[in-house]
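Follow the chain from one of its helices to the sheet, and from the sheet to the cores. The account starts after the display.

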Amino acid sequence: MKLTIFAATGGVGRQLLDQALAAGHDVTAVVRNPAKLDREVRTVTADLTAPDPAALQAAVDGAAGVLSALGPPARSETAVAARGTRAIVEAMLATGTRRLVVVSAAPVSTVPSPGRPHPPRPDPGEGFLMRHLGTPLAQRVFRRNYADLALMEDLLRDCPLDWTAARPPRLTDKPFTGTYRTAPGRNLDRGSQLSRADLAHFMLRALDDPTTFRQAVGVAR
């Protein structure tokens with residue numbers, strides 16, 4: 001399958017790239033700094049804080065699926081998810097590319113946004129500890145990041161693409177297990193963490209799963 005991976009040098013992006021290449025996919029990696037790539041792969045250089053539409057269109061043209069690991073570093077002040085995803089969506093619409101899988105976050109399920117001013121509170125899938133401790137704490141610490149991701153999800157809901165937003169809890173660098181749970185439209189009880197390797201596995205698997213189309217999907221151990 002011909003795939004395009006955005007932010008392929010980040011924690012999740014590296015896992016996506018490694019797993020996609022291991023599975024034999026034809027991959028284009030979109031990165032801001034190609035020097036950080038340690039794999040031989042077709043590369044498009046792009047800064048999604050100031051995107052070049054022509055470069056992004058070239059990157060996604062003909063792809064069967066586009067995967068985005070775009071997001072700010074922890075506690076970063078830079079809001080890049082919504083802006084960058086808008087540029088990706090516009091490039092996909094211009095080239096007729098339809099399938100998009102992106103990284104969001106579990107706490108976004110209860111974050112208000114212009115397109116979703118009254119989200120469920122609490123998330124219907126969360127247990128007592130996540131509902132009263134984990135999610136509120138994460139939202140206070142990463143408030144700007146989650147607001148940016150909520151705007152990104154607004155954009156996706158308003159576009160005609162076949163999109164999926166993966167909503168993991170706290171991400172770790174633990175090894176790949178292939179053992180995780182998913183829940184369309186809600187978070188998961190006792191779902192406090194997930195490895196980046198397992199998140200990448202879900203994202204690649206979701207590409208061919210129409211039950212995940214136009215859905216935010218909770219993913220957790």
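In helix α6, the buried residues are A197, D198, L199, A200, F202, M203, L204 and A206. Buried means under 20% relative accessible area, exposed over 50%, and partly exposed in between, with a 1.4 Å probe and protein chains only. With eight of its eleven residues buried, α6 is mostly covered. Helices (H or I, at least four residues) and strands (E, at least two) are DSSP runs, numbered from the N terminus.

This is a predicted model, in which local features need pLDDT of at least 70 and side-chain atom pairs count only at pLDDT 80 or more, while totals for chains, interfaces and linings use all residues. Residues are numbered from 1 along each chain as its sequence is written, and side-chain values use heavy atoms, with hydrogens and water left out.

The sheet comes next. Eight strands form an open sheet of mixed pairing, in the order β3-β2-β1-β4-β5-β6-β10-β8; two strands pair if DSSP finds at least two bridges between them. Its edge strands, β3 (42-45) and β8, each pair on one side only. From one strand to the next the twist averages 20 degrees. Axes are lines fitted to C-alpha atoms, for helices over the stretch in contact, and angles run from 0 to 180 degrees between N-to-C directions.

Strand β10 (residues 215-220) has five of its six residues buried. Four bridges join β6 to β10 in parallel, and the partner of A165 in β10 is A216. Strand β8 (residues 181-184) is antiparallel to β10, also through four bridges; here P184 is partnered by V217 of β10. Elsewhere in the sheet, β4 (residues 65-68) and β5 run parallel and are joined by three bridges, with V66 bridged to L100 of β5.

Helix α6 (residues 196-206) packs on this sheet, touching β1, β4, β5, β6, β8 and β10, and its direction makes about 165 degrees with that of β5. Contact means heavy atoms within 4.5 Å. Helix α3 lies across β1 (2-6), β4 and β5, at about 170 degrees to β5.

Helix α3 also packs against α2, at an angle of about 65 degrees and with the axes 8 Å apart. The residues in contact are L56, Q57 and V60 of α2 and A87, I88, A91, M92, A94 and T95 of α3.

Which residues touch the most other members of the largest nonpolar core? They are F6, V66 and L100, in a core of 35 residues. A nonpolar core is a set of buried Ala, Val, Leu, Ile, Met, Phe, Trp, Tyr and Cys residues joined through side-chain atoms within 4.5 Å. Two or more residues come from each of α2 (53-60), α3 (81-95), β5 (99-103), α5 (143-158) and β6 (162-167), and α3 gives the most, with seven. Leaving out residues up to four places away in sequence, L100 touches V66, I88, V89, M92, L156, L161, D162, W163 and T164. Apart from this core lies another, of 28 residues, including L3, V103, Y180 and V219.

A105 is in the loop between β5 and α4 (128-141). This residue is buried, because its relative accessible area is 8%. Beyond its neighbours within four places in sequence, A105 is in contact with Y146, L149, A166, R167 and P168.
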